[in-house]
Amino acid sequence: MSRVLVIGAGAAGFLAAISAARSGARVTLLEKMGMAGRKLMITGKGRCNITNACDIRDMISMIPGNGKFLFGAFHSFTNRDIMELLEQNGLPVKVERGGRVFPQSDRALDVVKTLEKILRDLHVRLLKNKRVEHLELAGDRVTGVIDGQGNHYPADAVIIATGGASYPRTGSTGDGYRLAREAGHTIVPPKPALVPLESDDDRIRSLQGLSLRNVRATLLQGDRVLGQEFGEMLFTHFGVSGPIILTLSRAASGAWQKDPKALLDLSIDLKPALTVEQLDARVQRDFAKYSRKQLKSGLHDLLPQSLIPAVIDGACLRPEQEVNQITRKERQRLVETLKGFTVPLTGTRPLAEAIVTAGGVSTREINPSTFASRKVPNLYFAGEVMDVDGYTGGYNLQAAFSSGYVAGTHAAEWGKEGTK
C-alpha cells in the first residue's frame, strides 16, 4: 500500500484523504487544530453552504480566480458527487435559493461529523494538534514531513491542503505557503477576496445594523465601473458587508493592491425596480400625501426610518423642510440620491477577516489534471492554498472538494507506481 500524507483537515483535506483511501492508499491526515473542519463549521453562517447545484460551466464562471484551472476537477468530482457522498452516509441535503446546497439539518457540525465518519470507515488515521513545520525533501522528491514536536512522518506522496490565510482562528494561517516555498514554489501574494469593506463616512456609521434587500450596488473608481451586483447588503460599524458587498470586494481588493491610494466608491441604487421617471412619480405621490409634513416624515413609505436622514443629507436637503416647499430641482436631487446613494470606501477589512483568500501557490506550477507539483512530482495541492477563489454561494467549497478528490486519487496512484 502507498503511504499518503494529507496536511490540513478542512474541506480539501477531507476529500483528499477519502479519495486516497478509496484508491487503496494508507492515509494519515494531520490537523494543526484540536478539532477538524473548523472553517467548515462557520461557513454559511454555521449552516455550511456545501456546494451549488448549478452546472459546471456556471460553476467555473463563479470562480473569477483561475476557475478554468478547475475544469477537469469539476468533471472528475461534481457537485452531485459531494451531495451523494453525504447522503449515502446519512446526511440529507437540500437546495435553496440561488442553487445553494445545505444539510437538511442546517448544522455545519453534521457535515464535519459525516466526513469524519467516512474517514473512520476507510481507516484513515486522523491526528490532531499536529502542526507541520517542514517538508522532508530528497532530490526532487518529498519523503515525508516533520511536525512541531520533531516527529517524522514518512510518505510516498504528500498533499498540502492547509487553506489560505483568512480566519486564522480556524487554523488557516498561511502554513501551506511556507511549505510550498520549501519545495521551490512561487506564492502569488495573498489578498482578501470575500471581505467586508470599510468607510469613514459618519453617515454610514449611523446606519449600523441596517440590512437592505433587492438593491443594486455598483463599485466605482472615478467613472469606471469595477463591478455591479444585485441583492442583499448590510451596514456595519466599520462600513458595509453582506453577500453583494463580499462579491464586489474582490475587485476592490484588486484595485487597492494595484494602487493603495485608489479612490473607490460604492453607489447603491435603493430602488432598482423603478426607472428614474417611475421613482420621481412615486416621490410626487408621497409628497402629495404628506404635503404638510416635514421632509424627514414624508419619506416613511419609501425608506427605512434609519436611512432617511442619510438620504436627505446625500441630496443636500434639510430634514425640517416642509414637503410642499420642495422645488422640482430639489426633488430631482432626491431621486438621483435614491438611485445612487454613494458610500466612499477606504479599504477592506483585514485579511484575517476574509471569508476566502485570493492568491496562494501559483497554478502555473501545478498540473491541473492531477494537482501535482510541477517541481516536486509527488507533492500535491488542494483547496484554498492554491491561487483559486470564487464568489459566495458554495463555489469555494466545491473547488476544495473537487481538487481534494483529484489530488488524493493521483497521490495514491503515485505510491503504487513509484513514478508519475
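1. Start with phenylalanine 77: its relative accessibility is 5%, so this residue counts as buried (under 20% relative accessible area; exposed is over 50%, partly exposed in between, with a 1.4 Å probe and protein chains only). Bear in mind that this is a predicted model, where local features need pLDDT of at least 70, side-chain atom pairs count only at pLDDT 80 or more, and totals for chains, interfaces and linings use all residues. Residues are numbered from 1 along each chain as its sequence is written, and side-chain values use heavy atoms, leaving out hydrogens and water.

2. Now for the aromatic pairs (rings of Phe, Tyr and Trp, the last by its six-membered ring, with centres within 6.5 Å; planes under 30 degrees apart are stacked, over 60 edge-to-face, the rest tilted). The count comes to 2. In one of them, phenylalanine 69 and phenylalanine 371 sit edge-to-face, 5.4 Å centre to centre with 85° between the planes. Both phenylalanine 69 and phenylalanine 371 are buried.

3. Phenylalanine 77 pairs with tyrosine 405: the ring centres are 4.7 Å apart and the planes are at 20°, so this pair is stacked. Phenylalanine 77 is in the loop between α4 and α5 (79–88), while tyrosine 405 is in helix α13 (residues 395–417), 328 residues apart; helices here are DSSP runs of H or I, at least four residues, numbered from the N terminus. With 26% relative accessibility, tyrosine 405 counts as partly exposed.

4. Have a look at the charges over rings too (NZ of Lys or CZ of Arg within 6 Å of the ring centre and within 35 degrees of the ring normal). Arginine 47 has its charged end over the ring of phenylalanine 102, 3.8 Å from the centre. Likewise, the charged end of arginine 349 sits over phenylalanine 238's ring, 4.2 Å from its centre.

Key. Helices (H or I, at least four residues) and strands (E, at least two) are DSSP runs, numbered from the N terminus.
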